[in-house]
Every structure is written in structure tokens, then in C-alpha cells.
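Look over the structure first, then read on.

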Amino acid sequence: MDGVLYDSMKYHTLAWQRMMSERGVECDRDEFYLYEGMTGAATINLLFRRAFGRDCDPEEARRLYERKSELFREIGKRVPMPGCAELLRQLKEAAVRCVLVTGSGQGSLLDAINEDYPGVFDPADRVTARDVKHGKPDPEPYLKGLEIAGVEPHEAIVIENAPLGVRAGKAAGLYTVAITTGPIPREEFIKERADVIFPSMPAAAERIGEIMKSLPQPRLS
């Protein structure tokens, strides 16, 4: 969702930095691009282990994530990712079933998807942070996406903008398309073995039909 459907990561990273700084954790705003795809609790625990040598208490983690969500609502803007509507249009015209697989639980964006991308994602065709025990880079989110769609890994493709998401897709056995919609360098996606890497969403939209034709019965997970 963030960084693929919406140009929202710049607001998420600022909200994360502000929240963690309030808690006394030193962090760099850009580092949160590398954690994208993880659940909120997993991100908080990662930073707590670094700063305090321990995991965060679950109740405190819940409160901290609520604070981060509050900050995001204050500073964030709902900006659909340029080029994404065209990519999704091509998929829908080809009768591809689209399943949203996101590490986010940000209700302000989840609730807006039907308005911004009408008819693309059925409400039941979504896997969010609320639906998994282990977020990305664990393959569980994408395995759940496959289960929802009722397809095997070789029948699906993943579209990702985060290295940890690419890792999750590859661990689930999926053909994984990486799109560098943020500041993460191309080399990070190469390390995670992305099958193809595009410099932008419009560039991916230009070639998505070609990719689909090259795969056996491809669908989007």
C-alpha cells in the first residue's frame, strides 16, 4: 500500500522519527524506508533492542503505534502514487485478481482505497498487519495472499517497493517486481534477488503486460 498505491512513505518516516524521538530513541528518518513492510510492533522492537537492549512491552508498543498513527494523520497527505492507476487498470482489464498485502494497519489509508482505486481490491482481498503474526520479511503475509486468491506461487506476481517486501515475496516462492518509488538504491533490491526492478511506477506500468505474458497464468498477489 504505502509506496505502491500511495506516495505516503515520506510522511510515515517522519511520523516514525518524531514518535521514537519523543520516546527517547535516536533514529534517522531515512532508516525507516528500510523497515517498510514490517509490522508496527516489529519496527518498535527493532529500535528498542538497539536503544535499550530489550523488546518493548506489548501494551506500550500499542500506545506508541497509536501515537505514530496520530502523527501520520496530522502530517500525512493522501496522494495516490503516479502511474499506479494505469498499472492497476491494465491488470483489471486482463482479469487479474488483485490482492493487497501490506504491513500497515493505517486505517486512514486502508479506508480510502475503494475511493481512490474503485473496483480493484475487494474488501476480502486484503492482508494487513492485523491479519498476520509475522510481518514482512517473513513470507506469511504473501502466503496468506496466495491462500485468499486460491493460487499457487508460480501463478502469482508481487509488486513491491521495499527490500523487506521483496525478501518476503521471494521466500514465498513468488515472481517479485521491485519498483524504486523512494530513496532506497537499486542495489538493495538486487541483494534481495528481485526478478525485475523498475525506476518508477510509470515505467512498471509500461511493461506490466509484457511481464504477465512471460509467466504461466500470472495473477497479482
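The model is predicted. Its largest pocket has a lining of 7 nonpolar, 7 polar and 3 charged residues.

**The largest pocket**
- The volume of the largest pocket is about 290 Å³.
- Its lining is made of 17 residues. Nearest the centre of the pocket lie Thr39, Gly40, Ala41, Tyr65 and Ala129.
- Both α3 and α4 supply at least two residues of this lining.
- The most comes from α3, which gives 4 residues.

**Thr39**
- Thr39 sits in the loop between α2 (31-34) and α3 (40-52).
- Is Thr39 buried or exposed? Its relative accessibility is 13%, so Thr39 counts as buried, the cut-off being under 20%.
- Beyond its neighbours within four places in sequence, Thr39 is in contact with Gly103, Ala129, Val132 and Gly135.

**The largest cavity**
- The model has 1 cavity of 30 Å³ or more.
- The largest cavity has a volume of about 480 Å³.
- The cavity is lined by 36 residues, and Met1, Asp2, Glu36, Thr102 and Gly103 are the closest to its centre.
- Elements giving two or more residues to this lining are α1 (9-22), α3, α4 (58-75), α5 (84-93), β1 (100-101) and β3 (156-160).
- By class, the cavity lining holds 20 nonpolar, 11 polar and 5 charged residues.

Terms used: Residues numbered from 1 in each chain as written. Predicted model: local features only at pLDDT ≥ 70, side-chain atom pairs only at ≥ 80, totals over all residues. Heavy atoms only, no water. Buried < 20%, exposed > 50% of the residue type's maximum accessible area, 1.4 Å probe, protein only. Contact = heavy atoms within 4.5 Å. 1 Å grid on protein atoms, 1.4 Å probe; cavity = no way out; pocket = protein on both sides within 12 Å on 5 of 7 lines; lining within 4 Å. Points joined across faces, edges and corners; volume = space filled by probe spheres on them. Nonpolar A, V, L, I, M, F, W, Y, C, P; charged D, E, K, R; others polar.
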